[in-house]
Amino acid sequence: MANQNARLTFIQLIADHDGEWGWYQFERAFPLGWFTDEPPTKRAKEILDELESDGLVMTTSGRPQAKYRLTDEGRALLKVSGVDPTSA
């Protein structure tokens, strides 16, 4: 499972860019080794897959690439973390 700093960073970005970013944008923004709370070989796509598996994010059926959106659970996590998901 992704550690908290990486998780919250990704969830905040998804809230800020709801339905705009696919996995490729995250891979470009966060190259291997970016997060100190993750192994240096962990890819952004792996963190996104974990967030999706945990029910915090979902993907659209967009083509050519699906985009990420927060679920209600993801918004709730932002709220308890002290981030207002409606301002994101």
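Author: Contact means heavy atoms within 4.5 Å. This is a predicted model, in which local features need pLDDT of at least 70 and side-chain atom pairs count only at pLDDT 80 or more, while totals for chains, interfaces and linings use all residues. Residues are numbered from 1 along each chain as its sequence is written, and side-chain values use heavy atoms, with hydrogens and water left out.

Reader: With which residues is Glu27 in contact, leaving aside neighbours within four places in sequence?
Author: Glu27 is in contact with Arg43, Ala44 and Lys45. Glu27 itself lies in helix H2, residues 23-29. Helices (H or I, at least four residues) and strands (E, at least two) are DSSP runs, numbered from the N terminus.

Reader: Which side chain does the Glu27 side chain join in a polar contact?
Author: That of Arg43, at 2.8 Å. A polar contact is a pair of N or O atoms within 3.5 Å; within protein, one must be able to donate a hydrogen and the other to accept it, and residues adjacent in sequence count only if both atoms are side-chain atoms.

Reader: Is Glu27 buried or exposed?
Author: Glu27 counts as buried because its relative accessibility is 13%. Buried means under 20% relative accessible area, exposed over 50%, and partly exposed in between (1.4 Å probe, protein chains only).

Reader: Turning to salt bridges, how many does the structure hold?
Author: The structure holds seven. A salt bridge is a side-chain nitrogen of Lys or Arg within 4 Å of a carboxyl oxygen of Asp or Glu. One of them joins Asp49 and Lys45, with the closest N and O atoms 2.6 Å apart.

Reader: Where do Asp49 and Lys45 sit relative to each other?
Author: They are four residues apart in helix H3, which means that about one helical turn separates Asp49 and Lys45. Asp49 is partly exposed at 34% relative accessible area, and Lys45 is partly exposed at 28%.

Reader: What does Arg75 pair with?
Author: Arg75 forms a salt bridge with Asp72, the closest N and O atoms being 3.8 Å apart. Arg75 is partly exposed, with a relative accessible area of 32%, whereas Asp72 counts as exposed at 62% relative accessibility. Elsewhere, salt bridges that share partners join Glu38, Lys42 and Glu50 into one network. Within that set, the side chains of Glu38 and Lys42 meet at 3.5 Å, N to O. Both Glu38 and Lys42 are buried.

Reader: Now the core. Which residues have the most contacts inside the largest nonpolar one?
Author: Phe10, Ile11, Ile14, Phe26, Leu51 and Leu70, in a core of 21 residues. Helix H1 (4-16), helix H3 (44-53), strand S2 (68-70) and helix H4 (72-80) each supply at least two residues of this core. H1 gives the largest share, seven residues. A nonpolar core is a set of buried Ala, Val, Leu, Ile, Met, Phe, Trp, Tyr and Cys residues joined through side-chain atoms within 4.5 Å.

Reader: And what does Ile14 touch?
Author: Not counting residues up to four places away in sequence, Ile14 touches Phe26, Leu48, Val57, Tyr68, Arg69 and Leu70.

Reader: Which residues of H3 are buried?
Author: Ala44, Ile47, Leu48, Glu50 and Leu51 are buried in H3. They cover an arc of only 160° around the axis, so they lie on the same side of H3; the arc is that of the directions from the helix axis to the C-beta atoms. H3 is followed by Gly55, whose phi is positive, near 80°.

Reader: Finally, how many aromatic pairs does a search of the whole structure find?
Author: Eight aromatic pairs are found. Rings of Phe, Tyr and Trp (its six-membered ring) pair if their centres lie within 6.5 Å; planes under 30 degrees apart count as stacked, over 60 as edge-to-face and the rest as tilted. The Phe10 and Phe30 rings have their centres 5.2 Å apart and their planes at 35°, so this pair is tilted. It links distant parts of the chain, with Phe10 in helix H1 and Phe30 in the loop between H2 and H3, 20 residues apart. Phe10 is buried at 0% relative accessibility, and Phe30 is buried at 11% relative accessible area.

Reader: Which residues form one aromatic cluster?
Author: Phe10, Trp21, Phe26, Phe30, Trp34, Phe35 and Tyr68 do.
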